[in-house]
Amino acid sequence: MLRCCLCFLSENVSLLFKLYCLTVMTLVAATYTVALRYTRTVGAELYFSTTAVCITEVIKLFLSVGILARESGSLARLITSLKENVFGSPKELLKLSVPSLVYAVQNNMAFVALSNLDAAVYQVTYQLKIPCTALCTVLMLSRTLSKLQWFSVFMLCGGVILVQWKPAQATKVQVEQNPWLGFGAVTVAVLCSGFAGVYFEKVLKSSDTSLWVRNIQMYLSGIVVTLVGVYMSDGAQVLEKGFFYGYTCFVWLVIFLASVGGLYTSVVVKYTDNIMKGFSAAAAIVLSTVASIILFGLQITSTFILGAFLVCVSIYLYGLPRQDTTKIQPSETKNSKERLVAV
C-alpha cells in the first residue's frame, strides 16, 4: 500500500512539474512578444533595439557562468574549465561565432518584425521556424521526417499564408507600419533560427563539452557581434543620446524575458515532450491574440482564425511521437506464434 502511495505521489509530482514547465514556457513566449510589441509602438522616446540585443547577450553570459560555477562545484574548477574550454580554445570560439552571428541577426529581426506586425500575427508567422528547422535537420544532420511530419509542415505553411493574406489590423496603434517589411523580417528570423539551432545542436553532439561551456563560448562571440551591430547601425545616435536612451521598465522586462527565456527552455526541455511543447506554442498564440485584442485593439478576421487554427493543429501533429514500424510488436509476435501452433 505504501509503495502504491509513493508511486502515485511521484507520478503527480512529475505531472505537476511538467505542467509548471508548460505554463512558464507559454507565459514567457507570449509575454515577450506582447511586451516587445508594446515597447516598439507605445512611447515617445524609442530605444535602440541593437543595444537591447547586446545587453541580452551580456546577461546570458553571466547567467551561464553562474550555472557553470554551480555545476563545477568550486571556484578553482570553474577557473580551470574556463581556461581550458574558453580562453584556451580559440578554434572553438571561432566555431561558435557562426551561430552567434546568426542569432544576433535573428534577435534584431524580431525587433524589426514586431515594429511592423501585431504580436498575434508575429506569433503565428514565427512558427515557420518549424519547417525551417526540419529542413536544416534533414540537410545538416541527415535525419528523416515521417509522412505526418511533412504533412504538418505543409499545413503550417498554409496556415501562415492565410494569416498573412489579410493581416489583422490593430486600431489602437498609431505609429506607421510596413507589414511587408515585418513579414520579411520574420522570414529572415525563422531562417536564422532554423540554421543556428541545428548548427548548435551539431556542435554540441560533436564533443562531450558541457552545454554551459558552449553557451559561454557562444555568448562571448555574441557580445562582440552585437557591439559591432550597435556601432554600425546606431553608433552616432548612441554616442549622442546614450546607450540606454529610451529605456523603461517594459524595455528591461523584454530584455529579462529574452535572457532568461532561452536559458530556461534549454534546461526544462528535457522534462517535457514534443506534444507539450506544441501545446505551449499553441497556447502562446492564443494568449498573444487575446492580449493584442485588449492592448492594441486587434481586429480578428476569419482568415486569421482559420490560419491560426491550422498552425496550432500542425504544431501538435508535428510533435506526435513517430511509430517504429520496423520492429515487430510483442503482441503481434504472440499472435503469430498462436497461429503457427494452431496450424
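Predicted model: local features only at pLDDT ≥ 70, side-chain atom pairs only at ≥ 80, totals over all residues.

How many nonpolar, polar and charged residues are there in the lining of the second largest pocket? The lining has 5 nonpolar, 3 polar and 2 charged residues.

Let me turn to the helix packing. In general, two packed helices are described by the angle between their axes and the distance between those axes.

I begin with helix H4, residues 90-114, and helix H8, residues 179-205. Their axes come within 8 Å and cross at roughly 155°. An angle over 145 degrees counts as roughly antiparallel, and H4 and H8 are therefore roughly antiparallel to each other. The handedness of this crossing is left-handed. Sorted by class, the contact of H4 with H8 comprises 20 nonpolar, 4 polar and 1 charged residues.

The next pair is helix H2, residues 49-72, with helix H9, residues 211-241. Here the axes come within 8 Å, and the crossing angle is roughly 160°. H2 and H9 are therefore also described as roughly antiparallel to each other. The crossing of H2 and H9 is left-handed. In the contact of H2 with H9, the classes are 16 nonpolar, 8 polar and 4 charged residues.

Helix H9 has a further partner to consider, helix H3, which spans residues 75-87. How do the axes of H3 and H9 cross, and at roughly what angle? They come within 10 Å of each other and cross at roughly 55°. That angle makes H3 oblique to H9. As for handedness, H3 passes H9 in a right-handed crossing.

Where is Ser142 found? Ser142 belongs to the loop between helix H6, residues 129-141, and helix H7, residues 147-165. Is Ser142 buried or exposed? The relative accessibility of Ser142 is 65%, so Ser142 counts as exposed, the cut-off for that term being over 50%.

Thank you for your attention.

How values were computed
Residues numbered from 1 in each chain as written. Heavy atoms only, no water. Axes fitted to C-alpha atoms, helices over the stretch in contact; angles between N-to-C directions. Helix = DSSP H or I, 4+ residues; strand = E, 2+ residues; numbered from the N terminus. Parallel < 35°, antiparallel > 145°, perpendicular 65-115°, else oblique. Left-handed = near helix turned anticlockwise from the far one by under 90°. Nonpolar A, V, L, I, M, F, W, Y, C, P; charged D, E, K, R; others polar. Buried < 20%, exposed > 50% of the residue type's maximum accessible area, 1.4 Å probe, protein only.
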